[in-house]
Amino acid sequence: MLLDPGMDLTLRPMKYPHFFDRFKDAIKNTWTVEEVDLHSDLADLARLSPAEQHLVSRLVAFFATGDTIVANNLVLNLYQHVNSPEGRLYLSRQLFEEAVHVQFYLNLLDTYVPDPGERSAAFAAVDNIPSIARKAEFCFKWIDSVFDLRKLETKEHRRAFLLNVICFAACIEGLFFYGAFAYVYFLRSRGVLQGLASGTNWVFRDESMHMAFAFDVVDQVRAEEPDLFDAGMEQQVRDMLAEAVECEVQFAEDLLEQGVSGLSLADMREYLQHVADRRLMALGIEPVYGSRNPFAFMELQDVQELSNFFERRVSAYQVGVSGSVTFDDDF
Ligand SMILES: [Fe+2]
Ligand SMILES: [Fe+2]
């Protein structure tokens, strides 16, 4: 089984070909930080209102460390316990993508925050800015919850690990990052910071796939060990998402405290609740908030990005791969 302790090395016959498909799909979304021109944003930054500048400075301070935390959990926990060589191929690719994100946000802060003192303060936000510190504490709590588990021997171990996987996919990549992307796309809808938005398009696709892979892992474990998903586990997932929403609402209060025209705290809260409901539904759990998506600029993003991208790339690639050998799954 997927969570059985060990280091399975056997790619043929392939037990989890859908993980291998995720790996191949991720490679189609390859990009480099050099492709994203952030300098076009500098003139916009200078003409933002003080309230908008505050929003952007908090946002980049969150980006400064967010992906590093995710990468750490990936190596320390996911790679260790997802016992499938094709699953670990995907996780290796994800680790590379997180590294690209770290580089992208490093570049973002170097460009947006020229003053070395202010830049250092942004990187230290996890210690100094309460709304960002709270989100980091939430992440570290769930990293630590499984840190001492070397082998998933018991059902309780496996449930603890699943909660970690669900936390990082649904709450961190799927909610903290989605919340952050909403601010970027709000700004784009106002005609500013197109450079940041163009880089975010790439990151958004990556994060959507990271989440999809993690949910695949959860679905696979559910198929193999359905008794792990009992009522207690469901309640823990609901509580975890509720706490994540609270963290992200506190972050929104901080970002929007000076009043950003066109973006209300009430709408942001509703958006976060809507996203949390979607994560619960993806996990087969009844939604709790019943909130709608108040942001038209995010609807476009959510639905179109992945499908359009893959249709375009897959058809483009098909020319290149015609004539290649197709292996059967049980080759
Ligand atoms: Fe990332
Ligand atoms: Fe990610």
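Here is a tour of the structure shown above.

This is a predicted model, in which local features need pLDDT of at least 70, side-chain atom pairs count only at pLDDT 80 or more, and totals for chains, interfaces and linings use all residues. Residues are numbered from 1 along each chain as its sequence is written, chains are lettered from A and ligands numbered from 1 in the order in which they are written, and side-chain values use heavy atoms, with hydrogens and water left out.

**Stop 1: the iron site**

Select the iron ion (ligand 1). Which residues coordinate the iron ion (ligand 1)? They are Asp67 (OD), Glu98 (OE), His101 (ND1) and Glu207 (OE), at 1.9 to 2.2 Å. Donors here are N, O and S atoms within 2.8 Å of the metal (3.2 Å for Na, K and Ca); water is not among the atoms, so sites may look incomplete. The four donor atoms make angles of 96 to 134°, giving a tetrahedral site (four donors with all angles between 85 and 135 degrees).

Now click on Glu98, which bridges the iron ion (ligand 1) and the iron ion (ligand 2), 3.3 Å apart. Glu98 and His101 sit three residues apart in helix α4 (residues 85-112), so about one helical turn separates them. Helices are DSSP runs (H or I, at least four residues), and strands likewise (E, at least two), numbered from the N terminus. Both Glu98 and His101 are buried, meaning under 20% relative accessible area with a 1.4 Å probe, protein chains only.

**Stop 2: a helical stretch**

Select residues 160-186, which UniProt lists as "transmembrane region" in an unreviewed entry; such annotations may be inferred rather than shown by experiment. In the model this stretch is 100% helix and 0% strand, with its end C-alpha atoms 36 Å apart.

**Stop 3: Leu193**

Move on to the loop between α8 (155-189) and α9 (194-224), where Leu193 lies. Leu193 has a positive phi of about 60°, although it is not a glycine. Is Leu193 buried or exposed? Its relative accessibility is 1%, so Leu193 counts as buried.

**Stop 4: a cis bond**

Finish at Pro13, in the segment before α1 (17-28). The peptide bond joining Arg12 and Pro13 is cis, with omega about -5°.

Methods:
Buried < 20%, exposed > 50% of the residue type's maximum accessible area, 1.4 Å probe, protein only. Tetrahedral: all angles 85-135°; square planar, octahedral: opposite > 155°, others 65-115°.
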